[in-house]
Amino acid sequence: MIEPLLIKTVRVDYANPVHAAALVDLLDSYARDPAGGGEPLSGFARAHLVSQLAARPFIFSVMAFEGDVPVGLINAIEGFSTFACRPLVNVHDVVVLPDYRGRGIAAQMFAAVEMIAVERGACKLTLEVLSGNLAARGLYEKLGFDDYRLDPAMGHAQFMHKWLD
């Protein structure tokens, strides 16, 4: 039986050295995971990530702690819905350390993100998920996320990207 955890979620203070170090370590853990690409963060990203996040007021992060141990992270980026003429919040990274998965930590962090999004006047949350990440997709659907579509005859949206360097 999995022991219930006492998890505390906090909005990350990028100026707090404990939060900053934990954010980089958690994101690096995710980057090394097959769902995150299987490669560690670059030295450049490790050195500059927190200062670059802090320099952008439209980005915020939520972290989960079990006691003093950081166990989860969500990075979120405010965008804008032209159709709704309101902000939206894109959940860009969702991290829960492997030993802590399946215990409701991601759902608890999503509740905190949603609260911040509502405070910002956002009309919706968005996210991307790899089609093979069935556990994450199942969680997101349980939390109320669905494929984006307007007219069912046009199908659902697909996330695409193009590297610029």
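Biologist: What is Val89 in contact with, leaving aside its neighbours within four places in sequence?
Modeller: Val89 is in contact with Phe60, Ala76, Ile77, Glu78, Val113, Ala117, Ala122, Lys124, Leu125 and Thr126. Contact means heavy atoms within 4.5 Å.

Biologist: Before going on, what are the ground rules for this model?
Modeller: It is a predicted model, where local features need pLDDT of at least 70 and side-chain atom pairs count only at pLDDT 80 or more, while totals for chains, interfaces and linings use all residues. Residues are numbered from 1 along each chain as its sequence is written, and side-chain values use heavy atoms, with hydrogens and water left out.

Biologist: Which residues touch the most other members in the largest nonpolar core?
Modeller: Val89, Ile105 and Val113 do, in a core of 25 residues. A nonpolar core here is a set of buried Ala, Val, Leu, Ile, Met, Phe, Trp, Tyr and Cys residues joined through side-chain atoms within 4.5 Å. Buried means under 20% relative accessible area, exposed over 50%, and partly exposed in between, with a 1.4 Å probe and protein chains only.

Biologist: Which elements each supply at least two residues of this core?
Modeller: Strand 2, strand 3, strand 4, helix 3 (105-119) and helix 4 (134-142) do. Helix 3 gives the largest share of this core, 8 residues. Helices (H or I, at least four residues) and strands (E, at least two) are DSSP runs, numbered from the N terminus.

Biologist: What does the second core include?
Modeller: That core is separate and has 19 residues, among them Val10, Tyr14, Val24 and Val50.

Biologist: Val24 is in helix 1, then. What else is buried in that helix?
Modeller: Besides Val24, the buried residues of helix 1 are His19, Ala20, Ala22, Leu23, Leu26, Leu27, Asp28 and Ala31. Their cover includes strand 1 (7-11), helix 2 (43-54), strand 2 (59-66), strand 3 (69-81) and strand 4 (86-96).

Biologist: How far does helix 1 reach from its first C-alpha to its last?
Modeller: Helix 1 spans residues 17-32, 16 residues, and reaches 23 Å, close to the 22 Å expected at 1.5 Å a residue. The expected span is 1.5 Å times one less than the number of residues. At the start of this helix, a side-chain oxygen of Asn16 comes to within 2.8 Å of the backbone nitrogen of Val18.

Biologist: And Ala15, buried or exposed?
Modeller: Ala15 counts as exposed because its relative accessibility is 69%. Ala15 sits in the loop between strand 1 and helix 1.

Biologist: Over to Ser61. Which side chain does Ser61 join in a polar contact?
Modeller: The side chain of Asn75, at 2.5 Å. A polar contact is a pair of N or O atoms within 3.5 Å; within protein, one must be able to donate a hydrogen and the other to accept it, and residues adjacent in sequence count only if both atoms are side-chain atoms. Ser61 is in strand 2 and is buried, at 1% relative accessibility.

Biologist: Cysteines next. How many disulfides are there?
Modeller: The structure holds 0 disulfides, taking a disulfide as a pair of cysteine sulfur atoms within 2.5 Å.

Biologist: Where is Cys85, and what is its phi?
Modeller: Cys85 is in the loop between strand 3 and strand 4. Its phi is near 55 degrees, a positive value in a residue other than glycine. Most residues other than glycine have a negative phi.

Biologist: Last topic, the rings. How many aromatic pairs does a search of the whole structure find?
Modeller: The search finds 3. Tyr140 and Phe145 form an edge-to-face pair, 6.2 Å centre to centre with 65 degrees between the planes. Rings of Phe, Tyr and Trp (its six-membered ring) pair if their centres lie within 6.5 Å; planes under 30 degrees apart count as stacked, over 60 as edge-to-face and the rest as tilted.

Biologist: Are those two residues buried or exposed?
Modeller: Tyr140 is buried at 10% relative accessibility, and Phe145 is buried at 16%. Together with Phe110, Tyr140 and Phe145 form one aromatic cluster.
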